[in-house]
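Keep it brisk and group it by topic.

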Amino acid sequence: MDIQAYETLILNQLKIVTEKILYNNPQPNISAKSRAGAEISSLLEEEFVKETANHLYFKDSLASPKGETKNPWDALTYFEYKDHREVIWIDFKAVKVSSKASNPDIGAADKLIKLITNNNGFYLVYIFVYYTQTELGLKFVPNKNAESVKLYFLKDIHSSFRRNTKNQLQINIDKEPENRTRQDFIEMLLGKIIQGYTRQKNIAERELTKYNQNKIRLDLTKLNKEQEDKIRNL
């Protein structure tokens, strides 16, 4: 089977399931004022497991363990097609439509690599849903492109993503995905990680050069002596 057709089938099936969840829960009893994202994610995780209990393709779905804020996925499922069984990790992202464009973390670089290498899988999927605040809480709404659900694989993330100093990968939420091969993504991911560490190395070297210079020590020592002399002469 063509790889792109295989990946399209996975995404289309995930979109159908998520859209059904939103249709069945148009206005969940969740406040949009605080921690809405975490509560929406919890709702979607639980409903995803229910909706895929007897699914044609998705099998053995799991929600993130309760209380595990550092879990690398919100939901886990297995995509079965003919004789192939593929692990799929899902990261739900709830976006308030009135919010300005943000740069959410999309996972720690090292954790993503371990997730792939330790589980013989490759597909982490970001599923974005959109909501607005109401008098009673919140309701799900389409985004500016009239999409109730937007989703894509990590491997297809826009090339502007970067690794920050906390080793988190970040992307502007409005950036559209770019289809690429899995091998192309491997090369890009490793390149981004190397770029991130190189930036940190260059910053550290500049700062070390600055603080190794004697001028700062002399300036601080002079200032301290002047102030101590004033105190002694009180």
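Leaving aside its neighbours within four places in sequence, which residues is alanine 109 in contact with? The partners are Asn167, Leu169 and Ile193, where contact means heavy atoms within 4.5 Å. This is a predicted model, in which local features need pLDDT of at least 70, side-chain atom pairs count only at pLDDT 80 or more, and totals for chains, interfaces and linings use all residues. Residues are numbered from 1 along each chain as its sequence is written, and side-chain values use heavy atoms, with hydrogens and water left out. Helices (H or I, at least four residues) and strands (E, at least two) are DSSP runs, numbered from the N terminus.

- Alanine 109 lies in helix H3.
- Alanine 109 is buried, with a relative accessible area of 0%. Buried means under 20% relative accessible area, exposed over 50%, and partly exposed in between (1.4 Å probe, protein chains only).
- Isoleucine 193 is 84 residues away from alanine 109 along the chain, yet their C-alpha atoms are separated by 7.2 Å.
- Helix H3 covers residues 109-119 and helix H4 covers residues 182-212. Their axes are 11 Å apart, and the helices pack at an angle of about 150°. Axes are lines fitted to C-alpha atoms, for helices over the stretch in contact, and angles run from 0 to 180 degrees between N-to-C directions.
- That angle makes H3 roughly antiparallel to H4. The cut-offs are under 35 degrees for roughly parallel, over 145 for roughly antiparallel, 65 to 115 for roughly perpendicular, and oblique for the rest.
- H3 passes H4 in a left-handed crossing. A crossing is left-handed if the near helix is turned anticlockwise from the far one by less than a right angle, and right-handed if clockwise.
- On the H3 side, Ala109, Asp110 and Ile113 make the contact. They meet Leu189, Leu190, Ile193 and Tyr197 of H4.
- By class, this contact of H3 with H4 has six nonpolar, no polar and one charged residues. Ala, Val, Leu, Ile, Met, Phe, Trp, Tyr, Cys and Pro count as nonpolar, Asp, Glu, Lys and Arg as charged, and the others, Gly among them, as polar.

**The sheet under H3**

- H3 lies across E4 and E9, and runs at about 65° to E4.
- E4 and E9 belong to an open sheet of three strands, in the order E4-E9-E8 with antiparallel pairing. Two strands pair if DSSP finds at least two bridges between them.
- Strand E4 (105-108) and strand E8 (162-163) are the edge strands, and each pairs on one side only.
- E8 and strand E9 (residues 168-170) run antiparallel and are joined by two bridges.
- Arginine 163 stands opposite leucine 169 in E9. Leucine 169 is also one of the contacts of alanine 109.

- Strands of a sheet pair through backbone hydrogen bonds, either parallel or antiparallel.
- Strand E1 (residues 58-63) pairs with strand E2 (residues 75-81) in the antiparallel sense, over four bridges. Here phenylalanine 58 stands opposite phenylalanine 79 in E2.
- E2 also pairs with strand E3 (residues 84-96), again antiparallel, over seven bridges.
- Alanine 75 has isoleucine 90 in E3 as its bridge partner. Threonine 77 stands opposite isoleucine 88 in E3.
- The hairpin of E2 and E3 has two residues between the strands. Lysine 82 in the turn has a positive phi of about 55°.
- E3 and strand E5 (residues 123-133) run parallel, joined by nine bridges. Phenylalanine 92 stands opposite isoleucine 127 in E5.

**Helices H1 and H2**

- Helix H1 (residues 3-24) and helix H2 (residues 36-51) cross at roughly 115°, and their axes come within 10 Å.
- H1 and H2 are therefore roughly perpendicular to each other. Their crossing is right-handed.
- From H1, the contact uses Leu14, Val17, Lys20, Ile21, Leu22 and Asn24. From H2, Leu44, Glu47, Phe48 and Glu51 take part.
- The residues of this contact of H1 with H2 divide into six nonpolar, one polar and three charged.
- Serine 41 is in helix H2 and is buried, with a relative accessible area of 8%.
- Leaving aside neighbours within four places in sequence, serine 41 is in contact with Asp74 and Phe92.
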